[in-house]
Amino acid sequence: MSGLAQTDWLSQVAAFATHQVAPVAGAWGPADRPGRDLLAPAALLGLTGIELPVAEGGLGLPFGAKARACEVLAAADFGFAMSVVNTHNVAAKLALCAASEVKARWLPDLLDGRISACTALTEPGAGSDFAAIRMTARRDGGDWILDGEKTWITNARHAGLAIVYAQCGELGDRDGIGAFVVDLKAPGAERFARESAFSQVGTGTGGFRLNRYRLDESNLLLEPGTAFRSILSEINGARVYVAAMCCGMVQAALEAATEYGAERQSFGRPLAGHQAWRMDLARCATQLAAARALVAQAIAAIETDSEAQLLSAQAKIHAVDVAQAQLPVLLHAMGAEGLAPERPFARHLAAAQIAALTDGSTEMLLERVAQLTRAGTVRATQSDRR
């Protein structure tokens, strides 16, 4: 797809987000299944196959196109964007690693939006400390038997398919972790929803328990010894597209406040006619530009296979900080009108808190940046001395 074609495609994604997702997102309630009617049109746009090779039914686009699409979708609803990209990620992983019979069974449904999917890492006792997972996978003849629980998983409340990471060796052994393709509608799998004061509906957050869940060998997606390294590499990309999604939410709120400020009259002139009101929006626009610059650097590092760990962490930290700091400012710039359910402010405010926890909490990433920065400084000092 040429650059011009990509631009046209992103315009179509933006129109879909603006006209189909945003108008209904504010009304989603706990009993709803957001995306039931939206995943198929999202798939029709290619959003479930952005990075998949054309030969596998995808668009064959680079990582940056996925990050930009996530930003556009999140401007309408962060949860729906997370739901779609997680289904996409499973499809991409199957296209890259799965046995031919597994791809034949699942890829058509994923790419057409007939089912959603999830990647299951987090457990009740294991979050950022991925090596501590306790879901087990043991051999039984030519099969594998999985036992354990996953929780706080995007799409888990409605996903038909999961990539499940489980310990095949001794607990705590990162090289013993493998990844499996799991049919969540099969016997032995029990799904449940997870809710909080911040709505998890759009994200489809939930979990599942596997009880003596039997799989044949073809459903082993990543051998023990490779799964841990694979997920560490992939999480850099996840941090970058979450950062892009934070930028999308701030951009949507900034545009809404700017439009409102031009129309709303206060003391005989528009809100935008008051210097103090304009200063807050100018500061927000400046912070947003800085966040986008970091995201662009991180995207470039991922697309060129450069060392992306530091940049991806920094991009996510800064974009989340900007969203958490600026979204309340923009809400207050709107006054009470910003609380209206058809406005995105309250929804985006909640999503910014969720973004701070997903794919590595801000606190964990700050520690990672400190370690990587110190290591880089030490190497530079040693090189100078030589």
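## Buried or exposed

A residue counts as buried under 20% relative accessible area, as exposed over 50%, and as partly exposed in between, using a 1.4 Å probe and protein chains only. Asn155 has 0% relative accessibility, so Asn155 counts as buried.

This is a predicted model: local features need pLDDT of at least 70, side-chain atom pairs count only at pLDDT 80 or more, and totals for chains, interfaces and linings use all residues. Residues are numbered from 1 along each chain as its sequence is written, and side-chain values use heavy atoms, with hydrogens and water left out.

## The whole chain

The chain has ten helices and ten strands. Here helices (H or I, at least four residues) and strands (E, at least two) are DSSP runs, numbered from the N terminus. The radius of gyration of the chain is 22 Å, close to the 21 Å that the globule rule gives for 386 residues, so the chain is as compact as a globular protein of that length. That radius is taken over C-alpha atoms, and the rule is 2.2 Å times the number of residues to the power 0.38. Along its principal axes, the C-alpha trace spans about 80 × 60 × 45 Å.

How much of the chain is buried? Buried residues make up 52% of the 386 residues. The chain exposes about 17000 Å², and carbon and sulfur atoms supply 53% of this area. Accessible areas come from the Shrake-Rupley method with a 1.4 Å probe; for residues, only the protein chains shown count as cover. Contact means heavy atoms within 4.5 Å. Among contacts with a separation of 6 or more, 73% join residues 24 or more positions apart.

## The second largest pocket

Rolling a probe the size of a water molecule over the atoms shows where empty space is left. The search uses a 1 Å grid over the protein atoms alone. A cavity is a set of points where a 1.4 Å probe fits but cannot get out, while a pocket is an open set with protein on both sides within 12 Å along at least five of seven lines. Lining residues have an atom within 4 Å of a point. Grid points are joined across faces, edges and corners, and a volume is the space filled by probe spheres set on the points.

The second largest pocket has a volume of about 560 Å³. Which of its 25 lining residues are closest to the centre? They are Thr18, Ala75, Ala76, Ala252 and Glu255. The elements that give two or more residues to the lining are α1 (3–25), α3 (63–76) and α6 (227–263). The lining divides into 13 nonpolar, four polar and eight charged residues. Ala, Val, Leu, Ile, Met, Phe, Trp, Tyr, Cys and Pro count as nonpolar, Asp, Glu, Lys and Arg as charged, and the others, Gly among them, as polar.

## Residues in helices

Met249 lies in helix α6. Met249 is buried, with a relative accessible area of 0%. Leaving out residues up to four places away in sequence, Met249 touches Ala74, Ala75, Phe78, Leu327, His348, Ala351 and Ala352. Met249 and Ser312 are 63 residues apart in sequence and 19 Å apart in space, C-alpha to C-alpha.

Leu107 sits in helix α5 (residues 100–111). Its relative accessibility is 5%, so Leu107 counts as buried. Beyond neighbours within four places in sequence, Leu107 is in contact with Leu52, Glu56, Ala91, Leu94 and Ala95. Leu107 and Gly57 are 50 residues apart in sequence, yet 8.6 Å apart in space, C-alpha to C-alpha.

Glu303 belongs to helix α7 (residues 275–303). At 40% relative accessibility, Glu303 counts as partly exposed. Apart from neighbours within four places in sequence, Glu303 is in contact with Pro62, Phe63 and Gly64.

## Residues in loops

Most residues other than glycine have a negative phi, and most peptide bonds are trans. Asn155 has a positive phi of about 80° although it is not a glycine. Asn155 lies in the loop between β3 (143–153) and β4 (161–167). Setting aside residues up to four places away in sequence, Asn155 touches Ser83, Asn86, Thr87, Ser116, Ala117, Cys118, Thr203, Gly204 and Thr205.

Phe267 is not a glycine, but has a positive phi of about 55°. Phe267 is found in the loop between β9 (265–266) and β10 (269–270). Is Phe267 buried or exposed? Phe267 is exposed, with a relative accessible area of 81%. Ser361 lies in the loop between α9 (345–355) and α10 (362–385). Ser361 is buried, with a relative accessible area of 16%.
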